[in-house]
Amino acid sequence: MFVPLDSSELDALLERLAGMLPVDPAGVGAAMVDAHLTDPVVLEATIRILDDKSVAAAVAAGYARALRAATMAEQERLNAAVLAAHATAERALRSSESRMRAVFQNAAVGIGISTMDGQIVRVNQAFADLLGYTVDQMSTLRVPDLGHPSDPPHMWQLYEELVAGKRDFVRLEKAYYRTDGGVVWTDMTSSLIRDEDGAPEFTIAMVQDITDRLRLQDRLEHQATHDPLTGLPNRAMIAERLQRIFDNAGPEARVGVCFLDLDGFKRINDTLGHRFGDDLLVTVAHRLVACTSGPRRIAGRMSGDEFVLLVENPAGPAELTSLAQTVLKSLSRPYQLGQHRTRLSASIGVVESAVAETSPAELMKAADLTLYVAKSEGRGRYVTYDADRDARQAARYELAAAMPDALDRREFSLVYQPLVSLADGGLNGVEALVRWQHPVHGELSPDAFIPLAEETGVILALGRWVLEEACAQAALWARDFPDAQLSVSVNMTVSQVHEPTLPSDVDKVLARTGLDPSLLVLELTESVVMDNDSAPLRALADRGIRLAIDDFGTGYSNLAYLRRLPVHILKLAGQFVDGLSSASVVDQQIVETIVRLAHAIGLSVTAEAVETQPQADRLRDLGCDTGQGWLFARPQRAPEITELLRRSRDVADHLLQH
């Protein structure tokens with residue numbers, strides 16, 4: 001390949017092209033053609049070093065368009081030269097025929113001339129070599145003899161219009177068989193030659209070999225639409241196929257989707273390695289292809305360990321559920337990959353719908369939500385779409401997605417529920433409870449969003465905010481009402497307690513807010529305390545922070561184990577307090593036993609959900625230390641707690657004065 005540039009000019013060109021690449025990759029391809037960098041090896045090398053397939057495709061597309069335009073211009077110039085030479089040969093000197101013959105024979109593109117009845121009368125060597133014939137052999141053929149099954153349906157109609165004089169040229173991409181059985185693709189332009197009276201006399205065809213360009217284009221298109229690991233159609237191709245189903249659907253058309261996710265695949269990757277995981281995904285892909293054999297079905301890989309099975313015009317919901325059962329059975333068979341043998345299950349969301357009643361985006365969203373339900377119900381199963389259930393699930397998704405921004409917009413706030421001494425009715429402390437003032441749904445209680453925050457990981461940021469706000473407010477109360485010794489209780493979730501930086505995070509909050517550690521109570525569930533490493537809990541207790549077990553009696557209820565943990569308070573679950581209302585001897589004995597044993601190991605007891613005075617009286621008689629519930633006060637804003645403290649102080653001052 002010859003490039004009319006010295007080394008410095010070539011370096012400058014390449015530097016310019018590199019600068020163009022991020023903003024105009026198609027322009028880079030065109031500039032390569034303009035600089036005569038047209039050898040296929042150059043394009044292939046360029047594509048190979050580009051990591052981004054979309055950029056590579058754009059460079060190739062720009063290159064192809066520019067090369068096509070250059071080829072067309074060259075063909076037009078050759079066409080004009082041939083036409084001029086041929087016309088001159090008919091009416092001028094013999095020397096003109098010699099010039100035309102030189103252009104004809106030495107042209108790099110294939111050229112063939114045929115009569116109006118389709119008989120090929122002359123071809124140049126380039127055309128003969130392209131198809132593997134000799135020049136004489138091609139001169140015995142007719143134009144229809146060079147037909148190919150891939151010829152566009154309208155091509156021969158255009159040819160008939162050409163020989164009838166209704167058009168002057170035709171241009172299209174056409175395939176030809178070679179004599180060795182191979183196929184060559186060309187950019188073909190066929191033009192009409194008229195005699196001096198304007199009547200059609202000959203047709204002249206010019207063909208440029210574009211086989212390598214089309215193969216490269218096909219390869220790039222395949223890479224852009226197929227997953228490189230499994231070879232399955234990727235997300236883009238599935239979306240295109242789904243859109244085509246909707247675009248071409250009749251009024252009664254239906255569509256179905258099985259959206260599946262492999263259960264526990266991350267664990268397999270982490271324990272056996274990513275190479276084994278990749279081999280496993282390839283095997284899964286093979287099994288899915290076997291399950292979806294048929295003209296109306298396609299299996300694709302969406303991402304990671306997520307796959308989709310698309311069914312066009314299913315016979316009904318039963319076809320989709322049958323397919324899901326087949327897939328679950330196939331995927332559950334053992335996998336033997338090298339020395340490793342493992343088993344795998346999957347969760348599948350199944351959706352079947354009339355095309356007229358949905359859209360591609362809504363269909364995939366429904367499948368995704370239904371897959372989530374299958375995961376949450378135990379995995380290794382399929383779940384079919386239910387509109388009402390998925391509407392509720394969608395609402396949960398919306399809440400989960402809105403939480404990070406809601407935290408930034410300070411839509412969360414705290415209320416405080418008093419903790420009252422059952423002995424004298426004094427205010428001992430408050431429990432901080434978070435509320436979400438949602439702009440659409442109004443005030444939401446923790447039950448509506450804390451589980452979502454736990455699932456999505458937002459709980460860590462939200463929990464830090466709650467701790468900071470509660471400690472800051474408690475520090476203000478401690479400053480303004482030092483004699484009250486009012487403690488603040490803050491709930492901690494599983495994720496928060498498992499966070500290794502919890503002790504240091506609490507230290508930082510206490511340092512920033514100035515709260516005495518003895519006034520902070522962290523409330524944990526039984527399961528968190530029993531399952532968690534006790535070292536972080538001891539580190540917190542060593543700082544003077546008190547730990548409380550929330551809802552005691554609903555989990556392990558192991559007082560003997562609690563004796564070995566740095567726990568200070570038991571919060572008796574509400575159902576035990578409810579039992580006191582019925583005067584049940586058993587419930588009273590249970591509460592009495594818990595209180596007595598807790599006191600024996602140095603723990604105080606707080607009763608939750610105290611709603612009636614008889615409940616409070618019975619709890620006091622049984623030795624319970626503190627009560628919390630609507631009998632004493634509902635959760636209140638900080639100013640209301642401040643007012644309670646002010647009144648208590650005024651009463652105390654009044655008693656001292658008298």
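**Close-up views of a predicted model**

**View 1. The largest pocket and its lining.** Strand β14 supplies the largest share of the lining of the largest pocket, namely five residues. (A strand is a DSSP run of E of at least two residues, a helix one of H or I of at least four, and both are numbered from the N terminus.) The model is predicted, so local features need pLDDT of at least 70 and side-chain atom pairs pLDDT 80 or more, while totals for chains, interfaces and linings use all residues. Residues are numbered from 1 along each chain as its sequence is written, and side-chain values use heavy atoms, without hydrogens or water. The space in this pocket is about 940 Å³, where a volume is the space filled by probe spheres set on grid points joined across faces, edges and corners. A pocket is an open set of points on a 1 Å grid over the protein atoms alone, with protein on both sides within 12 Å along at least five of seven lines, and a lining residue has an atom within 4 Å of a point. The lining consists of 35 residues, and those closest to the centre of the pocket are Glu431, Leu433, Pro446, Asn491 and Asp550. Among the elements that give two or more residues to this lining are the strands β14 (427-438), β16 (487-491), β17 (520-525) and β18 (546-552), together with the helices α16 (446-456) and α17 (458-480).

**View 2. The second largest pocket.** This pocket holds about 580 Å³ of space. Its lining has 28 residues, of which Thr38, Leu67, Thr71, Gln208 and Asp209 are the closest to its centre. Two or more residues each come from α3 (40-49), α4, α6 (125-131), β5 and α9 (211-225), and it is α4 that gives the most, with eight residues.

**View 3. The largest cavity.** A cavity is a set of grid points where a 1.4 Å probe fits but cannot get out, and the model has two cavities of 30 Å³ or more. The largest cavity has a volume of about 300 Å³. Its lining is made of 21 residues, with Val143, Tyr176, Met188, Ser190 and Ala205 nearest its centre. The elements giving two or more residues to this lining include the strands β1 (110-115), β2 (120-123) and β3 (169-177), but the largest share, five residues, comes from α8.

**View 4. The second largest cavity.** About 30 Å³ of space lies in this cavity, and it is lined by Gln75, Glu76, Asn79, Thr189, Ser191 and Met206. The elements that give two or more residues to this lining are α4 (53-91) and β4, and α4 contributes the largest share, three residues.

View 5. Strand β11 (residues 345-354) is parallel to β12 and is joined to it over three bridges, and glycine 349 stands opposite valine 383 in β12.

Terms used:
Pairing = 2+ DSSP bridges.
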